[in-house]
Amino acid sequence: MARKVTTRHKVIVTAIAWALGILIFFPILWTFLTSFKSEADAIASPPQFLFFHWTTENYAEVQSRSNYLSHFMNSVIISFGSTLIGLVIAIPAAWAMAFSPTKRTKDVLMWMLSTKMMPPVGALIPIYLLFRNSGLLDTRIGLVIVLTLINLPIIVWMLYTYFKEIPGEILEAARMDGASLMKEIVYVLTPMAVPGIASTLLLNIILAWNEAFWTLNLTASKAAPLTAFIASYSSPEGLFYAKLSAASTMAIAPILILGWFSQKQLVRGLTFGAVK
């Protein structure tokens, strides 16, 4: 018999949820407000929350100083490109591990996950030298390759845990009807796994969009995404908080909008099946 939930319990849980939500969202809100302040108001003590002179000069100066659209297009190409290539590689790999496992499958999965535990700086020098010698420094292709490889373990793991919840009898029935391996994956498995694939795609776009270490170390100007765009407002002369906040707001706005409109799909994919 289910336990009855009292009104008091609902109120407490709701209050805690709102408090946590506000706590998590507050840095973004503060960054947004600071972007409309002058530099003097941005460093004022005590801090001014709403009652200050609102100005859009920071956005105008950021746009005049930097080519925002160029950085934005680099971020779009790099994040979407690395995620799509990762899906093309990960879907067959996850299918093989989920429906044709061997005694080494779990070891391979754990090895893939263990690569995420290594500090990125440990692999920076060899990757930098490889990129320099192959002419991939400061190129979109180079960043797509790197971000595909570093996010591939997460893509494989998410798809594997989702595929494990799909009954194998459905795929066996497709084989009995004469479906080839490619048709089985494309026309049977993939449509059934749309929520899991969609949530995997969205999560990895966000991870690639926010990646800063590799984008800052492997680019200079031509392929610099929005992470480099933000970093350019931290200079030896000091931090210009208002301009830095304006640049940060312009950089995170597209991914926030994407996350807002796709939150139902993202939550459904992350909570459905084995991906919990």
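I first looked up Ser-66, which lies in the loop between α3 and α4; helices here are DSSP runs of H or I with at least four residues, numbered from the N terminus. The model is predicted, so I note that local features need pLDDT of at least 70, that side-chain atom pairs count only at pLDDT 80 or more, and that totals for chains, interfaces and linings use all residues. Residues are numbered from 1 along each chain as its sequence is written, and side-chain values use heavy atoms, with hydrogens and water left out.

I recorded Ser-66 as buried, at a relative accessible area of 12% (buried means under 20%, with a 1.4 Å probe and protein chains only). Leaving aside neighbours within four places in sequence, I found Ser-66 in contact with Phe-229, Ser-232 and Tyr-233 (contact means heavy atoms within 4.5 Å).

I then turned to α3, residues 57-65, where Asn-58, Tyr-59 and Val-62 are buried. Viewed down the axis of α3, the buried residues fall within an arc of 100 degrees, so they line one face of the helix (the arc is taken from the directions from the helix axis to the C-beta atoms). These residues pack against α1 (7-34), α2 (39-42), α12 (226-231) and α13 (241-261).

Next I examined the largest nonpolar core, which has 25 residues; Phe-99 and Val-156 are among those with the most contacts inside it. A nonpolar core is a set of buried Ala, Val, Leu, Ile, Met, Phe, Trp, Tyr and Cys residues joined through side-chain atoms within 4.5 Å. I noted that α4 gives the largest share of this core, eight residues.

Key: Buried means under 20% relative accessible area, exposed over 50%, partly exposed in between (1.4 Å probe, protein chains only). Helices (H or I, at least four residues) and strands (E, at least two) are DSSP runs, numbered from the N terminus.
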